[in-house]
Amino acid sequence: MMSFNLDKLHAKAPKPQKETREKSSFLQREITFFKQPFGNKHKEEFYLELSVLLQAGIPLKEALSLLGENKSEKIKTMYDSLLGKIVLGNSFSNAIQSHNVFTDYEYHSLKIGEEAGMLPIVTQELGTYFMKKNEQKRNLVSLLAYPAVIVLTAFAVVGFMLRFVVPMFEGIFSQNKIELPYITRVIIKLSGLVNINGWFFVLFIVAFFALIKYVSAQQWFRNKKDVLLLRIPVVKDFIRVYYLAQFSHAVALLSASKIPITNIIVLVEKMVDFYPMKTALKTVEEKLLQGYSLSESLKTSDIFDKKMITLVKVAEETNQTDILFSKLNQQYAKELEHKSKILSSLLEPAIILFLGVFVGFILIAMYLPMFKISSVI
């Protein structure tokens, strides 16, 4: 992962301020023009590599210069822009804040790290956070990949049968002039619609997915979708543990920096992109401001389990909140892996069963009249 070149540590000198300012402005426009130019995978590499350099005693400016080596033009542009802002006298956290690809969570974490002299540790924790987040995303993608392939195969098989197989049987039935069962007539009509309006169905499916993509970008739709996910059996447990793992890791990182718990909840609320969790954290924040403890505040939402509430109460009495949430994050990560395997083992046979029932329904509808033909013969 480490791709910087230590031999070039002192090879580059900072550019003049005026030139850097002009370049920074231009480069920032270039960065924001592209969609997702600096995703979570890039952030994982960025923070982990930066942490290694800072812990080795290399100044921040030289570390950013080194990180730009052997990177793509787009990523190097990001590093040069950050370096230019720091050369102009901005802090690292302010340089981060000026780019919309970074979150408030990252900004406040880095700001605290600078003020407390813990920037190497904070960057390492941020790198670990994004590493775990990327790993969770990969697990989710791998979980859904096989069911998605099965669903696409199901549509292809059903489409082939309606387009080619059913018309063959329809010709046989017409020649023998037999009365068709109701389910057979339904399948034949459906086949006729597919044959006559085949391209219309294709365009409809494409338009449907385009509409879903557009609507998915709307906040109201995401909110309703998140609420619905927590009502689906099995899936709701997986989703809840997934965001509890994110929550516990974020609280562990910020607690280690000695931030007041109310501020931690506010920062985590900005970081989490899950409506039920955001709503729950907003309520927790209000309870904390009213003077309630964290454990009492967490009881206001069902999304936080009893295990977390009990352990948080113990942590408050022993003043070990950061250690507790770090342990909780490890437990939730293992639980998430276990639940992903369960969800995968349930999804695959369910989809295969659905495919078998649908295909079997078509075959039965086609073969029922064949028994009448054989009896006539």
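Let us start with phenylalanine 46. In this predicted model, which residues does phenylalanine 46 touch, not counting residues up to four places away in sequence? Its contacts are Phe38, Leu64, Leu67, Tyr79, Leu82, Phe92, Ile96 and Phe102. Is phenylalanine 46 buried or exposed? Its relative accessible area is 0%, so it is buried.

These contacts belong to a wider setting. The largest nonpolar core has 73 residues, and Phe46 and Phe304 are those with the most contacts inside it. Helix α11, residues 235-256, gives the most to this core, contributing 13 residues. As general background, nonpolar side chains tend to be buried together in soluble globular proteins.

I turn now to the aromatic rings. The count of aromatic pairs comes to 13. Consider phenylalanine 46 and tyrosine 79: why is this pair described as stacked? The ring centres are 5.2 Å apart and the planes lie at 25°; because planes under 30 degrees apart count as stacked, the pair falls into that class. Phenylalanine 46 sits in helix α2, residues 40-55, while tyrosine 79 sits in helix α4, residues 73-87.

Phenylalanine 169 and tyrosine 367 are arranged edge-to-face, at 5.6 Å from centre to centre and with 65° between the planes. Because phenylalanine 169 lies in helix α7, residues 119-176, and tyrosine 367 in helix α16, residues 321-376, this pair ties together parts that are 198 residues apart in sequence. How do its two members stand with regard to accessibility? Phenylalanine 169 counts as buried, at 15% relative accessibility, whereas tyrosine 367, at 42%, counts as partly exposed.

Rings also join into a cluster. Ring pairs link Phe46 and Tyr79 with Tyr47, Phe92, Phe102, Tyr129 and Phe130.

Where does arginine 163 lie? Arginine 163 is placed over the face of phenylalanine 164, 5.1 Å from the ring centre. Lysine 287 lies over the face of tyrosine 292, at 4.8 Å from the centre of that ring.

Thank you for your attention.

Note on methods
Residues are numbered from 1 along each chain as its sequence is written. This is a predicted model: local features need pLDDT of at least 70, side-chain atom pairs count only at pLDDT 80 or more; totals for chains, interfaces and linings use all residues. Side-chain values use heavy atoms; hydrogens and water are left out. A nonpolar core is a set of buried Ala, Val, Leu, Ile, Met, Phe, Trp, Tyr and Cys residues joined through side-chain atoms within 4.5 Å. Buried means under 20% relative accessible area, exposed over 50%, partly exposed in between (1.4 Å probe, protein chains only). Helices (H or I, at least four residues) and strands (E, at least two) are DSSP runs, numbered from the N terminus. Contact means heavy atoms within 4.5 Å. Rings of Phe, Tyr and Trp (its six-membered ring) pair if their centres lie within 6.5 Å; planes under 30 degrees apart count as stacked, over 60 as edge-to-face and the rest as tilted. A charge sits over a ring if NZ of Lys or CZ of Arg is within 6 Å of the ring centre and within 35 degrees of the ring normal.
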